[in-house]
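Colleague: I have just opened this one and would like to talk it through. Could you take me along the boundary between its parts?

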Amino acid sequence: MIGNFIYNTPTKLFFGKDSINGLPEVVGQYGKNVLLTYGGGSIKKMGLYDKVKELLKDFNIVELSGIEPNPKYDPSVITGAKLCKENNIDVILAVGGGSVLDCSKAISVCSLYDGEGWDLISGKVKATKSIPVVDIITLAATGSEYDAGCVISNTAINDKRGYVDGILYPVASFLDPQYTFSVSKWQTACGTADAINHVLEQFFAKPNNAFNDGFMISAIRSLMKNVKIALENPSDYDARSELMYVCTLACNGIMSNGSGYSGWPMHSIEHALSAYFDITHGAGLAIITPRWMKEILSENTVERFVTLGKLLFGFDSMPDFDMANKVIDEFYTFFESIGIPMHLGELGVKVDKIEEMADHILENDNTSNEWMYAPLDKDALIHILTESM
Ligand code: NZQ
Ligand code: ZN
């Protein structure tokens, strides 16, 4: 059954080799004053910074560099918002991974708000205005280039918030897989794990239907296959292009139109881990995934595992719970095979913070809500985190 839904992604995608040549025309639609945002320098090393400056030579460019992975409200969002106000910025051009995009989306609303920007990000106040965001995404992972979300950390209060609002969609995203050739093995693996998790967060939902199941399973199969090729040969265009496209669709919601909403519990857990220990998002998710699966496996959920077992892994018939456990093992082994350490302790997470993190997760996202696909109370959260250590 396909349930009722409204789907509207206003972001224009420019996909493919040298697609960024169309940048001046697109940026020019919004004005001359551009805030160019980027991270710690990867775009300079790969020559993309020079290329962008050349393409936009007729524009007035102000720069915000040094945006951190797990982007921080203070200083990055605050500084960017200030630069927009001081320089009468018409359009933000974000060049980098999901962190640069997310930070730019947050800047786009905070810069036009007179109060404390964190009130918008934490959902206390609804934004009504934003500066248009155009982006060149350089890492296949988050799908921020095609979704209405941004995730911002506030280190002062150990918080990392997912902020979702239609106002945050980029107006245009440029996706040239060639600019992902330089992504490290670690980020390639973590980015793919993130996207696989985005699909799983949508797959484990009720109601569901055969079409969306097929769409999602095809996405996971493509990610699993192509990440191995990209790890072996980072400049393999075919593999990088498929990774990029699937990641772009995986967080947009298009794969679960008409299905139920799960509540994205693994992301709630991971955001607390990143808030407390600044770990890489995709690695945290990969570690949590099999433990979360074990926790929620029950008569109510076993059908989802069996569908994955048959359609994704091609398992023959066997007792349902045996197949479910085999599916969980497959995911564990796969993440391990792409180089992700499968224990949180290896990423620096400390066991003495688990209870505090569980409280934090419940406070931010209330994973114990009865409407969720598989509600998680405090004991369940503590169990998942402890098992993941
Ligand atoms: O800072 P630079 O020098 O650019 O280096 C980055 C960074 O160190 C590097 N990198 C990016 N593109 C590269 C590259 N290195 C070489 N070549 C390239 N082409 O990779 C490192 C990580 O970058 P980052 O942007 O942090 O990674 P990612 O794209 O995985 O983004 C992670 C952030 O997105 C959030 C996560 O929580 C995390 O904060 N998420 C955002 C979502 C969204 N907007 O919808 C959904 C996700 O679930 C996720 O929560
Ligand atoms: Zn994610």
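Colleague: How many salt bridges does the rule find across the interface of domain 1 and domain 2?

Modeller: The rule finds one salt bridge across that interface, where a salt bridge is a side-chain nitrogen of Lys or Arg within 4 Å of a carboxyl oxygen of Asp or Glu. This is a predicted model, in which local features need pLDDT of at least 70 and side-chain atom pairs count only at pLDDT 80 or more, while totals for chains, interfaces and linings use all residues. Residues are numbered from 1 along each chain as its sequence is written, and side-chain values use heavy atoms, with hydrogens and water left out.

Colleague: And which side chains meet in a salt bridge at 3.5 Å, N to O?

Modeller: Those of Lys-72 and Asp-278.

Colleague: Where are the domains, then?

Modeller: Domain 1 covers 12–179 and domain 2 covers 184–388, with bounds from an automatic or database domain assignment. Their C-alpha centres lie 26 Å apart, and the contact (heavy atoms within 4.5 Å) takes 27 residues from domain 1 and 27 residues from domain 2.

Colleague: What area is buried between domain 1 and domain 2?

Modeller: About 2,100 Å² is buried, with carbon and sulfur atoms giving 59% of it; buried area is the accessible area (1.4 Å probe) that two parts lose on being put together, summed over both. Asn-158, Lys-160 and Pro-177 supply 25% of the area that domain 1 buries against domain 2, more than any other three residues.

Technical notes. Chains are lettered from A and ligands numbered from 1 in the order in which they are written.
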